[in-house]
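Let's take a friendly walk through this structure, starting with the whole and ending at the ligand.

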Amino acid sequence: MTHILCIGAGYVGGPTMAVIAKHCPQHRITVVDVNRQRIDAWNSDQLPIYEPGLKEVVEQARGRNLFFTADDIEQHIDQSEIIFVSVNTPTKSFGQGAGRAADLQYWEKTARQILENSTSPKIIIEKSTLPVRTAEAMAHILNTNPNGLHFDVLSNPEFLAEGNAIENLEHPDRVLIGGHDTPSAQAAVQTVVDLYANWVPRDKIITTNLWSSELSKLVANAFLAQRISSINAISALCEKTGADVSEVAYAIGTDSRIGPKFLQASVGFGGSCFKKDILNLVYLCEQQNLPEVAEYWEQVLKINEYQGARFVANMVHSMFNTLAGKRIALFGAAFKANTSDTRESPALVVCRELLDEHAQVVLCDPYALENAHQELGALARKVTFEPDPYLAAQGAHAIAILTEWSQFAALDYQRIFQSMAHPAFIFDGRNILDHKALFEMGFNVHAVGKAPRLHFNDIGK
Ligand code: NAD
Ligand code: UGA
């Protein structure tokens, strides 16, 4: 039996360790966190995050070979042979690199904690997303220990997407493990390969050098975000020319060199990582004196901001240039469907801008209202939180679809239309509704990357 520890019981640490525990009953997995409330939730029926299938996996392994605890972290460090570090690495908000660089304080704290509490050698695995060459700093800190212990630092970035975490962990496109080309590091790489090989086909486990692994994680997120910004940039052109962005996406996506995924035009991408990881990449390029490369990737973020601002500007303009006092139902608070996560959610970007316009905002989401409330801070008192979409839309002048929950596509819009103030508007920021049918019901319909369908001719021009 190997003792495996994960430091950080968040969106990555919790689900990742649950799936490892499920497939490796021969190993004992402990997940620790400084946030006791979070740990209590992992030990309860109300897990701290919503992910389809997560509860089942946790319940299968918890108490058997999967343990969540906020106690005796020092002792758990000492007892473990393998330590995954999955702490948060947000964008730095102060000092050098503020607003761009990764804030590595939580990361470094864990390195020192491992150093102070270890009496035996260990494999340390970077699970968090980190700037390239962070493992070097980690190794410097760890291998300065006075008792001559040796630590192998590996990179094993996580590629799961929220809402699909369990599916992605059960059947990953690939598992990436980076390590130095020394006998000790290669033996450590083999140990981690063997761990994943309990359920991941061997040809999907890629091993690389440390720096390639660290950089690949940032680059994967940058490429994914770039595709969304590319199609969103084209959506603006579609709206001006009468082309339909869904048709364009389908037409280009059938080219096997381009492929169909991540071409869904939207109100913009959100989530805790795309923005932070691209900022991190931009900062790294600037540090390496590559301003043209930095500028290239920064443009992905600029288009994303433009897309959100454009969406709100269109709402204001279409609704007779004033939203003051108008009730507007926002369908969706989560940054994407099937998650309760609202970090960097485009829905909250739109919400804040509508509040600036003095609109009466009603926020509706099946799982994310609590997080949205927290994220909005002081602004939350100006917002009505309503989980029932029919009640949210009652008396509203407009509905904006901001998260692609399938529930929102299945609503009775005829009933909704009748309960709204007229003329009634619908702004589909996710292109999940039947726009023709809505128009025929009487709605004025605006959808990203499509010509508006309006019951009066002079609006929207
Ligand atoms: P998170 O904020 O949900 O979780 C991190 C946890 O680490 C928190 O609960 C925090 O209390 C804990 N922590 C911080 N310092 C600690 C310490 N010294 N000891 C014990 N616990 C400590 O973050 P997350 O979304 O799980 O992301 C973690 C990392 O994984 C980030 O680098 C992120 O970029 C990366 N990542 C995230 C996702 C995702 O879908 N969220 C996907 C891939 C990679
Ligand atoms: C993303 C990556 O997909 C994961 O591989 C990565 O591990 C993770 O970031 C991370 O490092 O945190 P995630 O942010 O959970 O995962 O979700 P995505 O499915 O990538 O969606 C991100 C945003 O893009 C969402 O707001 C989503 O609605 C939006 N999106 C996605 C679009 O607007 N259009 C698309 O075609 C696809």
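What share of the protein's contacts with a separation of 6 or more comes from residues 24 or more positions apart? Such pairs account for 72% of them, where contact means heavy atoms within 4.5 Å.

A word on conventions: this is a predicted model, in which local features need pLDDT of at least 70, side-chain atom pairs count only at pLDDT 80 or more, and totals for chains, interfaces and linings use all residues. Residues are numbered from 1 along each chain as its sequence is written, chains are lettered from A and ligands numbered from 1 in the order in which they are written, and side-chain values use heavy atoms, with hydrogens and water left out.

Now for the overall build. The C-alpha trace spans about 80 × 50 × 45 Å along its principal axes. Of the 461 residues, 53% are buried, that is, under 20% relative accessible area (1.4 Å probe, protein chains only).

On to ligand 1. Its shell holds 26 residues, and Asp33, Arg38, Thr89, Thr129 and Lys276 come nearest; a residue counts as near if one of its heavy atoms lies within 4 Å. Some polar contacts (pairs of N or O atoms within 3.5 Å) can be picked out. A polar backbone atom of valine 12 is 2.9 Å from an oxygen atom of ligand 1, while one of valine 34 is 3.4 Å from a nitrogen atom of the ligand. Glutamate 162 uses its side chain instead, with an N or O atom 2.9 Å from a nitrogen atom of ligand 1.

How values were computed. Polar contact = N/O pair within 3.5 Å; in protein donor to acceptor, adjacent residues only side chain to side chain. Buried < 20%, exposed > 50% of the residue type's maximum accessible area, 1.4 Å probe, protein only.
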